[in-house]
Amino acid sequence: MVLGELSGSISRALQQMSNATIIDEKVLNECLNEITRALLKADVHFDLVKKMQINIKKIVNLDDLAAGHNKRRIIQQAIFNELCNMLDTGKPSFTPKKGKTSVIMFVGLQGSGKTTTCTKYAYYHQKKGWKPALVCADTFRAGAFDQLKQNATKAKIPFYGSYMESDPVKIAVEGVERFKKENCDLIIVDTSGRHQQEAALFEEMRQLAEATKPDLVIFVMDSSIGQAAFSQAQAFNRSVSVGAVIVTKTEGAAKGGGALSAVAATKSPVIFLGTGEHMDEFEVFDVKPFVSRLLG
Ligand code: GDP
């Protein structure tokens, strides 16, 4: 299911409720069921959706609401708050510190925007006075190193990779070691997003994480993956411990509701959004505008 549909269903449910003259338990239940269906179809974890439903019912006690109160607004607010809660894992992700070396490993399927996001992340920090560096540990896709090199050169960020070496672990370890010696404080490791066998991809991620001991693993997902978000994020999280999520291509039609699934699957917060192809089209994630857009 595409995310436009998710937000469409939620908007429709709220709209139907808005049209009802009397908002009673039946109307509320219908509205919640519609939202539940939409979230489940978008592959948000069943337990979370269930929890959201229970919480909303607890908050919105129709009998207790004094006559004349704007029940619709209260229900809408409750839904809004619950969606915000679903995106809030309650624990912030590891935050690198300027001047202290951190290794950040990026994972995600090919086409998710991983390589682009590695450079955006490096560039974002470079502008704030950090000393980032990029390591291309994707030896599977021909052209991966060239792409990273091109991006890095444009942003004047040091990079490491090889056209000859086929062992991604070797390259990653060499790159991380080199940039540690050069006192880079943000060493970013870009990884492969595809393999002949899916199992091989996840095994490679596990080996890379074991060898480079990243302080943070970031899962990159395309905002339009929808249904696949939960299983994708879960699969990566099983081989490497994902600590944060970045959602790309959020400037398009897809509203990025799959982020709810990725957060649920990894129990990690969304930290940035990709908002375009350019290096500076990158924003710090802010939960409220994101949820507003999801409902809008
Ligand atoms: P990778 O295979 O995961 O490394 O993905 P790439 O970084 O090569 O990106 C795949 C495509 O998505 C490229 O054409 C990028 O320019 C594009 N892309 C990445 N992030 C964004 C984004 O936030 N918005 C848009 N519109 N395109 C993006």
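Before I start counting classes: Ala, Val, Leu, Ile, Met, Phe, Trp, Tyr, Cys and Pro go down as nonpolar, Asp, Glu, Lys and Arg as charged, and the others, Gly among them, as polar.

Ground rules for myself. This is a predicted model, so local features need pLDDT of at least 70 and side-chain atom pairs count only at pLDDT 80 or more, while totals for chains, interfaces and linings use all residues. Residues are numbered from 1 along each chain as its sequence is written, and side-chain values use heavy atoms, with hydrogens and water left out.

**Entry: the ligand shell**

I looked up what surrounds the ligand and got 17 residues, counting a residue if one of its heavy atoms lies within 4 Å. Gly111, Lys114, Thr115, Thr116 and Glu251 are the closest. By class I have 11 polar, 5 charged and 1 nonpolar in that shell. Helix 5 (residues 114-127) gives the most, 4 residues; helices here are DSSP runs of H or I, at least four residues, numbered from the N terminus.

**Entry: polar contacts**

I went through pairs of N or O atoms within 3.5 Å. The Glu251 side chain puts an N or O atom 2.4 Å from a ligand nitrogen. A backbone N or O atom of Gly113 is 2.9 Å from a ligand oxygen. For Thr275, a polar backbone atom lies 3.5 Å from an oxygen of the ligand. On its own the ligand has 580 Å² of accessible area, and the protein covers 80% of that (Shrake-Rupley, 1.4 Å probe).

**Entry: the largest pocket**

Where does the ligand sit? I find it in the largest pocket, by the test that more than half of its atoms lie within 2 Å of the grid points. A pocket is an open set of points on a 1 Å grid over the protein atoms alone, with protein on both sides within 12 Å along at least five of seven lines; lining residues have an atom within 4 Å of a point. I noted a volume of about 340 Å³, meaning the space filled by probe spheres set on the points. Of the 15 lining residues, Thr116, Lys120, Gly276, Glu277 and His278 lie nearest the centre. Helix 5 and helix 6 (144-154) are the elements giving two or more residues to this lining. The classes come out as 9 polar, 5 charged and 1 nonpolar.

**Entry: the second largest pocket**

I logged about 290 Å³ for this one. Its lining has 17 residues, with Leu48, Met86, Val263, Ala264 and Lys267 closest to the centre. Helix 3 (46-59), helix 4 (71-87), helix 9 (228-239) and helix 10 (258-266) each supply at least two, and helix 3 has the largest share, 5 residues.

How values were computed
A polar contact is a pair of N or O atoms within 3.5 Å; within protein, one must be able to donate a hydrogen and the other to accept it, and residues adjacent in sequence count only if both atoms are side-chain atoms. On a 1 Å grid over the protein atoms alone, a cavity is a set of points where a 1.4 Å probe fits but cannot get out, and a pocket is an open set with protein on both sides within 12 Å along at least five of seven lines; lining residues have an atom within 4 Å of a point.
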